[in-house]
Amino acid sequence: MTDDYTDYEVDFFQAVDRNTTAEQSIFDALMSIRDDQYYTLFEIEAEHTCGWARVQVFPERAGTLYRCMKCGMAGIIGG
Ligand SMILES: [Zn+2]
């Protein structure tokens, strides 16, 4: 980050970075799943924005739905 950004902007970009890192962590944890785990709901361990947490995932071919069991955040990671 450079001084060209205001605190308001830095806060925004850091939040995006944290979320992107967390989604990458979830994505990495799904690299080795079996075919029969698609379209089923199960839990993995991943480093979320709130720290290491159990995360519910529902992998679909087009993306992965997830919900953090610790902070409750849910979303979709595009495939
Ligand atoms: Zn979380």
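Two strands are taken to pair if DSSP finds at least two bridges between them. Helices (H or I, at least four residues) and strands (E, at least two) are DSSP runs, numbered from the N terminus. The structure is a predicted model, in which local features need pLDDT of at least 70 and side-chain atom pairs count only at pLDDT 80 or more, while totals for chains, interfaces and linings use all residues. Residues are numbered from 1 along each chain as its sequence is written.

A residue is counted as buried if 20 or more other C-beta atoms lie within 10 Å of its own, as exposed if 12 or fewer do, and as partly exposed in between, with C-beta atoms placed from the backbone. By this criterion, 13% of the 79 residues in the chain are buried. Contact is assigned to two residues if their C-beta atoms, placed from the backbone, lie within 7 Å. Of the contacts in the chain with a separation of 6 or more, 21% are between residues 24 or more positions apart.

The four strands form an open sheet in the order β1-β2-β3-β4, with antiparallel pairing. Strands β1 and β4 (74–78) are the edge strands, each pairing on one side only. From one strand to the next, the twist averages 35°; axes are lines fitted to C-alpha atoms, for helices over the stretch in contact, and angles run from 0 to 180 degrees between N-to-C directions. Strand β1 (residues 42–48) is joined to β2 by seven bridges, and the two run antiparallel. These strands, β1 and β2, form a hairpin with two residues between them, and H48 has G51 in β2 as its bridge partner. Strands β2 and β3 pair over six bridges, also in the antiparallel sense; here P59 has T64 in β3 as its bridge partner.

Two of the 23 residues of α1 are buried, so the helix lies largely in the open. The helix lies across β1, β2, β3 and β4 and runs at about 140° to β1.

A nonpolar core is a set of buried Ala, Val, Leu, Ile, Met, Phe, Trp, Tyr and Cys residues joined through C-beta atoms within 7 Å. The largest such core has seven residues: A22, I26, A46, V55, V57, Y66 and C68. Two or more of these residues come from each of α1, β2 (51–60) and β3 (63–68). Apart from neighbours within four places in sequence, A22 is in contact with E47, H48 and T49.

Residue Q56 is located in strand β2 and is partly exposed, with 14 other C-beta atoms within 10 Å. When residues up to four places away in sequence are not counted, Q56 touches L41, E43, Y66, R67 and M69. Between Q56 and F13 the separation is 43 residues in sequence and 26 Å in space, C-alpha to C-alpha.

Most residues other than glycine have a negative phi. Y39, although not a glycine, has a positive phi of about 60°. This residue, Y39, lies in the loop between α1 and β1 and is exposed, with 10 other C-beta atoms within 10 Å.
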